[in-house]
Amino acid sequence: MPQKKSVYLETFGCQMNELDSELVTGQLESLGYEIVDRDTSADVVLYNTCSVREQAENKAWSRIGLVSQRKRDGEEIILGVLGCMAERDGHDLLRRHPEVDLMCGPGELDQLPMLLDNIARARALELQRQAPLEHRVALGGSRSRRWSTLQAAQDNLEMLDLSRAFHPDPSARAAGRSAYVRITRGCNKFCTYCVVPHTRGAEVHRPPADIVEECRILADQGVLEITLLGQTVNHYCYTHGTALSVAGKEVAQVGPGLNAFRKRELRRETATRTTSFADLLHLIHESVPSIQRLRFVTSYPRDFGDEVLQVIADSERICSYLHVPAQSGSNRILKLMNRGYSVEQYLDFIERACALIPDVSIAGDIIVGFPTETEEDFEATINLLRKVPFKNNFIFKYSERPGTVARGRFADDVPLATKKRRNNELLAVQAEVSAAVHQRWVGRETTVLVEQISKQEQTRTRKNSLAAQGGVTLTANGASLEQTQLSETPNSVPKQLSGRTSGDLIVFFDCPPKTSPETLIGTIQPISITRSSALNLYGTLNG
Ligand code: SAH
Ligand code: SF4
Ligand code: F3S
């Protein structure tokens, strides 16, 4: 590279994308690129995009539009679209925005440096417009497999995960002591509303040895908390001793599919030759004891055996936390969604989890306004929320996605106003349920991983510093605050910190006098809970 290029990368979507962005920036940094935090000062602007709902795509479209305009105005910027939108929209995206210089789906991110290099060289020769399309585009996932083998694609991605250049970032949440590790890629479940199997491709399981190795590398660099990532983590299952190994080393393999979980016979037969999700959790817990908190997302409500619950209950450092989306409380809708379980099976699972894991913390996702959802179906979802002690639920309005079965099969017939009303009603019910879950912790002791100076505190400090400089501050409703109201010096008020319990509950507490808040961030601390609200706990640091 003739000169050091600066790169701005913005991430939309899920934790998988956050991890991908971390791997991409690590890779680019190691090749001499400089990562900057403002798009206006970057030679290369990259958006790592999400397609799961239309709204997620719209956010990226508006960013792409702005940078495209800057390019039309003559600025020299390389504009790249990475992730699920690049995969889903393919060449259409390029047609809509010819200013986009490169696109790279999630299954081909290892090719990004090569694409950037192609563009830089084509530009140097002023040939960019004539540059062959394949020099600008590396789509991933399912489509690429038409011309490259699944195995080759997986091997390259595996290298990207394994070569991660992780440096704890003191300015990041929890001072960079919390990290993600992928255990599976893709998804084979094909819920009728969902684009993920189309954008991320077939479900592929990483070898346990690679996963443990990555956890060990992270632990050696000071990571205290690891979140294992997969679309349906409890379906993790790695079969050993297959022909698929390279120079004796095990490689990523396509998941066994639902049958392996349904056919008990098959499971027994292969029991000695497979690593199940329960085995994997146990293996990481025992092999990397300096990881103080091991958690995982997202769980699928079916085929979640007691073995996994038992491993969680028995392992001190595995968090008693399950993110296990129900999606709906109506059996009719669950069927149309192709979720493969009934409300009764979901409730049975929750009952087993609560019985086996003391203080288990449960989070979920719900979609309102799925095609044909009636008031009766919606009532059934409200009932489900009242039966399960969910600490929180992410509630989404159904968004019709191109390429999904639901779009081909059903009309998006629930009016937006109804979706909004149902969304708000569910949020209100969830607030009551969350308040009860949080209330149970009052008067008890627990531990938190201290994450940051609380947002409220950051605002207060900003206001104080503005006031100290003689500035005028605006309140939320736009009125200016009198400077005298802000005359308290920042040091006279204890700083408020926030952290998370192992069950992922947010806790606010004051930093003790004479302690610098920065020394607490990124550490695990004992705490007494003194009060609660619908969404948070409040406490005091012990000792
Ligand atoms: N693999 C996870 C979910 C991944 S997508 C699981 O199966 O639980 C994250 C969430 O987005 C889903 O749980 C679902 O609630 C929501 N979602 C996915 N597709 C959607 C769509 N078309 N409209 C609205 N919400 C959607
Ligand atoms: Fe989408 Fe269903 Fe796969 Fe989750 S399990 S990623 S909702 S298809
Ligand atoms: Fe979005 Fe792709 Fe994740 S569609 S939710 S970024 S897997």
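Which side-chain atom of Q231 lies by a nitrogen atom of ligand 1, and at what distance? I looked this up first. A polar side-chain atom of Q231 is 2.9 Å from that nitrogen.

**Entry: the model**

I am working with a predicted model. I checked confidence before going on. The average pLDDT of the chain is 87, and 83% of the residues reach at least 70. Two stretches I treat apart. In residues 141-147 the pLDDT falls below 50, and I noted 19 contacts there beyond near neighbours in sequence. Residues 471-489 also have a pLDDT below 50, with 22 such contacts in the model.

**Entry: ligand 1**

I went back to ligand 1 and listed its surroundings. The shell holds 15 residues, and Q231, P325, Q327, D365 and S399 are the closest. The side chain of D365 places an N or O atom 2.6 Å from an oxygen atom of ligand 1. S399 uses its backbone instead: an N or O atom there is 2.7 Å from a nitrogen atom of the ligand. I also looked up the area. Ligand 1 on its own exposes 540 Å², and the protein buries 90% of it. Two strands, β18 (361-368) and β19 (390-397), are the elements giving two or more residues each to this shell. By class, I recorded six nonpolar, four polar and five charged residues. Domain 2 (142-319) and domain 3 (323-439) each supply at least three residues to the shell.

**Entry: ligand 2**

Next I listed the residues around ligand 2. They are C187, K189, F190, C191, Y193, C194, V196, P197, Q231, T232 and R339. Seven of these are nonpolar, two polar and two charged. I found F190 in the loop between β8 (184-185) and α7 (196-200).

**Entry: a cis peptide**

Last, I looked at the backbone away from the ligand lists. Where is the cis peptide bond? I found it joining V297 and T298, with omega about -5 degrees. T298 sits in the loop between β16 (293-297) and α12 (306-314).

Conventions
Residues are numbered from 1 along each chain as its sequence is written. Chains are lettered from A and ligands numbered from 1 in the order in which they are written. This is a predicted model: local features need pLDDT of at least 70, side-chain atom pairs count only at pLDDT 80 or more; totals for chains, interfaces and linings use all residues. Side-chain values use heavy atoms; hydrogens and water are left out. pLDDT is the predictor's confidence in each residue, from 0 to 100. Contact means heavy atoms within 4.5 Å. A residue is near a molecule or strand if one of its heavy atoms lies within 4 Å of it. A polar contact is a pair of N or O atoms within 3.5 Å; within protein, one must be able to donate a hydrogen and the other to accept it, and residues adjacent in sequence count only if both atoms are side-chain atoms. Accessible areas come from the Shrake-Rupley method with a 1.4 Å probe; for residues, only the protein chains shown count as cover. Helices (H or I, at least four residues) and strands (E, at least two) are DSSP runs, numbered from the N terminus. Ala, Val, Leu, Ile, Met, Phe, Trp, Tyr, Cys and Pro count as nonpolar, Asp, Glu, Lys and Arg as charged, and the others, Gly among them, as polar. Domain bounds come from an automatic or database domain assignment.
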